Amino acid sequence: MFKILYLDGSCGISGDMTVASLLDLGGNLDKLNEAIESLHLDGVHIHATRGTSYSIAGLNFEVHVHEHSADDIESHEEGYVEHHHEHSHENIDGHSHHHHEHRHLSEVFEIIDRGNLNEHAKKIAHRIFEIIAIAEAKAHGVSKDEVHFHEVGAIDSIVDIVSAAVLIDDLGITDCVVTGLCEGSGFVTTQHGNLPIPVPAVSNIAEAAGIALHITETKGEMVTPTGIAIVAAIRTRETLPEGYKILKSGIGLGKRDFHHANFLRAQIIEELPHAGNDPKNCHVYILESNIDDSTPEELGYAMDKLFEAGARDVHFMPCFMKKSRPGVILRAIVDDANLHAVERALFKHTSTIGYRRIPVERNCMSREMQELETPFGKVRLKKSTFEDIKKVKLEFDDLKEIAEKTGLSISEIKSKILAEKS
């Protein structure tokens with residue numbers, strides 16, 4: 001079964017809440033302990049305990065740093081980049097900090113790489129830290145390599161991020177839905193003075209990754225940089241399937257008292273067949289309009305908005321209209337559930353004042369997503385079937401990611417994978 005992870009950000013998110021929810025979801029604590037011990041961080045221990053938040057039962061995840069080695073203790077210095085959040089979820093993801101440590105991104109990567117983690121887990125951890133570095137660099141007008149990590153780079157938060165990466169890999173998660181994150185309001189006290197919520201790092205990550213923030217009346221920081229960076233690193237979808245089964249749930253408790261339940265709910269869900277993947281005939285609509293007074297840029301933006309509204313497909317065809325004007329025929333394919341939303345987007349984001357709605361029947365091959373072990377790591381494989389007809393296709397986004405990492409072309413990667421499996 002192809003697993004989809006759904007992270008419900010109704011109460012915000014932080015690093016330790018994410019780790020706790022993944023452990024409660026079935027992540028292997030013994031495997032996690034071994035991974036953390038392999039980092040060789042002196043005096044570090046992790047604990048997972050049951051608890052409640054306003055009567056909601058869940059799991060607490062804590063990192064205890066009993067002592068630091070000479071290599072790990074670094075003096076505090078002014079002029080650092082990373083914020084000191086005194087009023088975040090749990091004073092940076094729930095841990096009490098005995099020392100303020102300064103590390104550059106390369107030093108953080110060295111700690112991660114010396115651990116006995118598989119390449120997929122290391123890659124996730126690297127990506128999370130890089131996202132934070134880029135966000136902080138933008139906030140302070142420096143390069144990402146100049147960023148001094150403090151709380152996020154401190155040992156306990158390195159453990160948070162590595163733990164999240166290990167558990168995501170352990171649970172076999174390659175598809176993740178996060179529809180948005182609820183954030184608090186007010187100000188947070190930092191080494192740079194009082195800053196409005198969301199703080200710059202959170203705001204920059206939300207902007208770069210296109211993560212929706214829903215501002216609430218709750219006073220305080222509900223979304224930490226670590227938490228939203230995890231989302232930015234692993235999210236593959238921003239909308240839930242039209243129908244799904246909940247296979248398992250995990251609750252990760254936060255430590256900040258917002259005067260209401262504070263937890264992150266993680267669920268493994270299974271998408272149910274619907275109009276997009278049901279081989280049976282199903283009704284959909286083609287919305288069609290002729291347009292001759294919109295620029296290519298405006299039409300490109302309209303296409304994005306139609307997809308966001310739920311269109312299954314959108315395309316343009318050139319045509320000639322009245323007075324020999326060159327124009328385009330815009331066509332959008334949509335089902336009943338998203339018809340009104342796509343209709344609104346069509347009127348709002350294009351110059352059209354009318355369109356043609358054509359009901360059609362649609363028949364699709366049944367589809368199943370699987371994971372394939374390759375020399376480059378796990379690659380998703382789409383298998384489509386209809387009676388005795390079968391088709392397989394490697395997920396292009398995975399191939400693209402490998403190409404960017406290795407410098408190989410897409411065709412070279414496909415050839416190597418197929419040669420390995422033949």
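This is a predicted model: local features need pLDDT of at least 70, side-chain atom pairs count only at pLDDT 80 or more; totals for chains, interfaces and linings use all residues.
Strand β1, residues 4–8, is mostly covered, with five of its five residues buried. Burial applies to both faces of the strand: I4, Y6 and D8 are buried on one side, and L5 and L7 are buried on the other. Two pairings of β1 are described here. With strand β10 (residues 263–271), β1 pairs in the antiparallel sense over five bridges; within this pairing, D8 has R265 of β10 as its bridge partner. With strand β4 (residues 175–177), β1 runs parallel, and three bridges join the two. Here the bridge partner of Y6 is V177 in β4. Both D8 and Y6 belong to the side of β1 that also carries I4.

Helix α6 spans residues 200–209, and its buried residues are A201, V202, N204, I205 and A206. The cover over these residues comes from elements that include the helices α4 (119–140) and α7 (225–234) and the strands β5 (181–185) and β8 (213–219). After α6 comes G210, which has a positive phi near 70 degrees.

The loop between β13 (326–334) and α9 (339–349) contains D335. The relative accessibility of D335 is 5%, and because burial is assigned under 20%, D335 counts as buried. The side chain of D335 takes part in a polar contact of 2.6 Å with the side chain of R312. The D335 side chain also reaches the backbone nitrogen of N338, at 3.2 Å. With a relative accessibility of 36%, G354 counts as partly exposed. When residues up to four places away in sequence are not counted, G354 touches S289 and F347. The C-alpha atom of G354 is separated by 9.0 Å from that of E288, although the two residues are 66 apart along the chain.

An open sheet is formed by three strands in the order β15-β16-β17, with antiparallel pairing. Strands β15 (366–374) and β17 (389–394) are at the edges and have a single partner strand each, so one side of each is left without a neighbour in the sheet. From one strand to the next, the twist averages 25 degrees. The pairing between β16 (residues 377–386) and β17 is antiparallel and extends over six bridges. One of the residues involved is S384, whose bridge partner in β17 is K391. Helix α10, residues 396–406, lies across β16 and β17 and runs at about 155 degrees to β16.

The second largest pocket involves some of these elements. The space in this pocket amounts to about 180 Å³. Its lining consists of 12 residues, and those nearest the centre of the pocket are L381, V392, K393, L394 and L418. At least two lining residues are supplied by each of β17, α10 and α11 (410–421). Helix α11 provides the largest share of the lining, with five residues.

Notes
Residues are numbered from 1 along each chain as its sequence is written. Side-chain values use heavy atoms; hydrogens and water are left out. Two strands pair if DSSP finds at least two bridges between them. Helices (H or I, at least four residues) and strands (E, at least two) are DSSP runs, numbered from the N terminus. Axes are lines fitted to C-alpha atoms, for helices over the stretch in contact, and angles run from 0 to 180 degrees between N-to-C directions. Contact means heavy atoms within 4.5 Å. Buried means under 20% relative accessible area, exposed over 50%, partly exposed in between (1.4 Å probe, protein chains only). A polar contact is a pair of N or O atoms within 3.5 Å; within protein, one must be able to donate a hydrogen and the other to accept it, and residues adjacent in sequence count only if both atoms are side-chain atoms. On a 1 Å grid over the protein atoms alone, a cavity is a set of points where a 1.4 Å probe fits but cannot get out, and a pocket is an open set with protein on both sides within 12 Å along at least five of seven lines; lining residues have an atom within 4 Å of a point. Grid points are joined across faces, edges and corners, and a volume is the space filled by probe spheres set on the points.
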